[in-house]
Amino acid sequence: MSFSLLGLSPAFLKLLEAEGYAKPTPIQNQVIPVVIANKDVLGIAKTGSGKTASYVLPILHRLEQTAVSTYREPTVLVLVPTRELADQVQQVFQTFIPALTGQPTCLAVYGGVSINTQMQAIGKADIVVATPGRLLDLLEKNAVRLSSIATLVLDEADKMLNLGFKEEVDRILALLPPRRQNLLFSATLSDDLSQFQQLILNAPQVIKIAAETNDIELIHQLAYLVSEEKKGPLLRYLIKHGDLKQVLVFASSTLKADAITHKLLKNRIHAAAVHSKLGQQTRCFTLQQFKAGQLRVLVTTDLLARGIDIEFLPCVINYELPRSPKDYLHRIGRTGRAESTGDAISLVSPEEMDHFKVIQKKMGIRVKILSGDQIDVQGY
Ligand code: AMP
């Protein structure tokens with residue numbers, strides 16, 4: 001299938017080509033025509049499947065088809081669980097908005113930054129991408145009305161439920177017009193989610209895309225058995241010796257992430273940390289830099305293991321193992337996305353080896369383990 005056969009207007013095709021989207025991903029193939037037909041969708045797909053564009057493209061296509069109202073109020077609302085995802089979704093909208101003659105505006109709103117500029121801008125935005133809490137703050141301040149919302153997207157709905165956003169989302173839903181299009185995306189289909197889905201969706205088309213584990217085949221996994229004190233030099237050896245250009249390193253704590261970053265910088269490797277103890281602006285800036293290929297190493301905690309997409313990230317390194325096998329999968333899943341391959345390397349100390357065996361067993365995988373202590377890392 002090609003994008004031109006999905007019913008999108010030709011103006012999108014040029015932009016898709018410029019973005020390197022040669023052909024639609026499986027979820028795009030299925031979701032785009034259904035959204036264009038104004039039907040509800042329940043999409044079971046994770047980040048990395050191309051799900052964002054699967055709703056962004058047809059929503060924009062439909063905006064172009066509908067007449068612009070005389071008074072401006074948001075007509076599209078996307079609810080997301082995290083600030084990072086809000087920025088990411090907004091960027092995908094911005095990428096494809098130039099295909100439209102009407103040039104709608106898209107605004108991302110989330111907490112942790114000043115509300116004032118958001119208050120001024122939100123009422124005039126056509127598309128709002130929001131975390132639930134900040135949107136409620138803005139509604140309380142009468143900065144925006146939701147009575148013209150024609151399309152609602154709940155992205156990473158399972159995560160919103162896990163993070164306890166259910167009540168906030170319910171309050172927002174009560175303010176939306178009952179006749180609207182609903183698109184709900186989730187990585188998993190839990191019992192909680194099915195209650196949610198029954199409340200929101202109207203005879204939805206259910207679209208399920210291959211489970212997360214299938215993408216594992218695109219990831220080359222490798223582990224080094226290495227003593228704790230040699231992990232730092234081995235990390236720097238792997239980066240320098242392997243000439244790695246863009247590496248995401250996972251640490252077990254914010255303190256550890258800072259310490260690893262400090263050591264990398266001391267060894268003249270361009271690195272920065274992103275974690276929950278840093279301000280939102282620093283986090284956004286560093287992430288942007290890393291995504292743009294202007295930062296060689298990004299060191300983080302499990303904060304970034306879910307949801308965030310970094311295009312064609314070639315390498316993920318676990319400086320320490322995560323606690324749960326699921327988190328291992330989320331971490332290594334940052335690479336090997338949208339059909340490109342990637343490397344996932346774990347530095348495993350002898351004390352962590354039993355835990356690593358448990359992870360492999362639970363995930364049904366076998367990772368090749370090399371001896372890190374035999375590598376000459378002197379000078380690194
Ligand atoms: P998502 O699942 O929306 O987080 O998207 C994952 C990544 O795949 C993003 O970096 C997109 O830019 C990229 N992507 C989305 N659709 C396509 C496509 N059709 N071809 C190539 N890359 C894509």
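**Close-up views of the predicted model**

**View 1. The second largest cavity is lined by Glu 84, Asp 87, Gln 88, Cys 284, Leu 287, Gln 288 and Lys 291.** Helix H4 and helix H12 (280-291) each give two or more residues to this lining, and H12 contributes the most, with four residues. The space in this cavity comes to about 60 Å³, and the count of cavities of 30 Å³ or more is two. A cavity is a set of points, on a 1 Å grid over the protein atoms alone, where a 1.4 Å probe fits but cannot get out, and its lining residues have an atom within 4 Å of a point. Points are joined across faces, edges and corners, and a volume is the space filled by probe spheres set on them. Helices (H or I, at least four residues) and strands (E, at least two) are DSSP runs, numbered from the N terminus.

All views show a predicted model, in which local features need pLDDT of at least 70 and side-chain atom pairs count only at pLDDT 80 or more, whereas totals for chains, interfaces and linings use all residues. Residues are numbered from 1 along each chain as its sequence is written, and side-chain values use heavy atoms, with hydrogens and water left out.

**View 2. The largest nonpolar core holds 42 residues, and Phe 12, Tyr 55, Leu 57, Leu 60, Val 78 and Phe 93 touch the most other members.** Elements giving two or more residues to this core include helix H1 (10-18), helix H2 (26-36), helix H3 (51-65), strand E2 (76-79) and helix H4 (83-96). H3 gives the most, with seven residues. Another core, of 34 residues, lies apart from the largest one, and Ala 125, Val 144, Ala 157 and Leu 176 are among its members. A nonpolar core is a set of buried Ala, Val, Leu, Ile, Met, Phe, Trp, Tyr and Cys residues joined through side-chain atoms within 4.5 Å. Buried means under 20% relative accessible area, exposed over 50%, and partly exposed in between (1.4 Å probe, protein chains only). Leaving aside residues up to four places away in sequence, Phe 12 touches Leu 57, Leu 60, His 61, Phe 96, Ala 99 and Leu 100, where contact means heavy atoms within 4.5 Å.

**View 3. A salt bridge joins the side chains of Arg 145 and Glu 73, at 2.8 Å from N to O.** Arg 145 belongs to the loop between helix H6 (132-140) and strand E5 (151-154) and Glu 73 to the loop between H3 and E2, so the pair ties together parts that are 72 residues apart in sequence. Arg 145 is exposed, at 53% relative accessible area, whereas Glu 73 is buried, at 10%. The structure holds 13 salt bridges, each a side-chain nitrogen of Lys or Arg within 4 Å of a carboxyl oxygen of Asp or Glu.

**View 4. Lys 231 forms a salt bridge with Glu 352, with the closest N and O atoms 2.7 Å apart.** This pair links distant parts of the chain, as Lys 231 is in helix H10 (residues 231-241) and Glu 352 is in the loop between strand E13 (342-348) and helix H14 (353-363), 121 residues apart. Shared partners join Glu 228, Lys 231, Lys 256, Glu 320 and Glu 352 into one network of salt bridges. Within it, the side chains of Glu 228 and Lys 231 meet at 3.6 Å, N to O. Lys 231 is buried, with 0% relative accessibility, and Glu 352 is buried as well, at 14%. Glu 228 is partly exposed, at 31%.

**View 5. Strand E13 pairs in the parallel sense with strand E8 (residues 219-225) over seven bridges.** Leu 222 stands opposite Ile 345 in E13. Strand E12 (residues 315-318) also runs parallel to E13, joined by four bridges, and Cys 315 has Asp 343 of E13 as its bridge partner. Two strands pair if DSSP finds at least two bridges between them. Six of the seven residues of E13 are buried, so this strand is largely enclosed by the rest of the structure.

**View 6. The buried residues of H6 are Pro 132, Arg 134, Leu 135, Leu 136, Leu 138 and Leu 139.** Their cover includes E2, E3, helix H5 (116-122), E4, helix H7 (157-162) and helix H8 (166-173). Just after H6, Asn 142 takes a positive phi of about 55°.

**View 7. Glu 156 has a positive phi of about 55° although it is not a glycine.** Most residues other than glycine have a negative phi. Glu 156 sits in the loop between E5 and H7 and is buried, at 9% relative accessible area. Asn 38 likewise has a positive phi, near 65°; Asn 38 lies in the loop between H2 and strand E1 (41-44) and is partly exposed, at 41%.

Definitions and conventions
On a 1 Å grid over the protein atoms alone, a cavity is a set of points where a 1.4 Å probe fits but cannot get out, and a pocket is an open set with protein on both sides within 12 Å along at least five of seven lines; lining residues have an atom within 4 Å of a point.
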